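I opened this entry to record what I looked up, one item after another. The notes follow the order in which I went through the model.

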Amino acid sequence: MTAARELGVDPARSVAVEDAVSGVASAHAGGFWVVGVDRGADAEALRAAGADQVVSDLSELPPPA
């Protein structure tokens, strides 16, 4: 959130990428669209913490439009 604020970017128009449940929860609470990166068997925990999308590798994300 600090970086978004310093850049003057609205978190609601930004993406946070996190692999920790606590990071996902924090980004979600900050109003970001959150991608959770599942490094093991945490996909459900990441979703429960507020991840909007869960991937196992960033290559699963679509290219920018």
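Which residue in β2 is the bridge partner of alanine 16? I looked this up first, bearing in mind that the model is predicted, and found that the partner is valine 34. Four bridges in total join β1 to β2, which spans residues 33-37, and the two strands run parallel.

I then went through the sheet as a whole, which is open, has three strands in the order β1-β2-β3, and is parallel in its pairing. β1 (15-18) and β3 (53-55) are the edge strands, each of them pairing on one side only, and from one strand to the next the twist averages 20°. Helix α2, residues 21-29, lies across β1 and β2, and I noted that it runs at about 170° to β2.

Next I turned to the largest nonpolar core, which has eleven residues, among them Ala16, Val24, Val34, Leu46, Ala51 and Val54. Two or more residues of this core come from each of α2 and α3 (43-48). For alanine 51, setting aside neighbours within four places in sequence, I listed contacts with Val24, Val34, Gly36 and Leu46.

My last item was tryptophan 33, which has its place in strand β2. Beyond its neighbours within four places in sequence, tryptophan 33 is in contact with Pro11, Ser14, Val15, Ala16, Asp52 and Gln53. I also noted that its C-alpha atom is separated by 9.1 Å from that of glycine 50, 17 residues apart along the chain.

Note on methods
Residues are numbered from 1 along each chain as its sequence is written. This is a predicted model: local features need pLDDT of at least 70, side-chain atom pairs count only at pLDDT 80 or more; totals for chains, interfaces and linings use all residues. Side-chain values use heavy atoms; hydrogens and water are left out. Two strands pair if DSSP finds at least two bridges between them. Axes are lines fitted to C-alpha atoms, for helices over the stretch in contact, and angles run from 0 to 180 degrees between N-to-C directions. Contact means heavy atoms within 4.5 Å. A nonpolar core is a set of buried Ala, Val, Leu, Ile, Met, Phe, Trp, Tyr and Cys residues joined through side-chain atoms within 4.5 Å. Buried means under 20% relative accessible area, exposed over 50%, partly exposed in between (1.4 Å probe, protein chains only).
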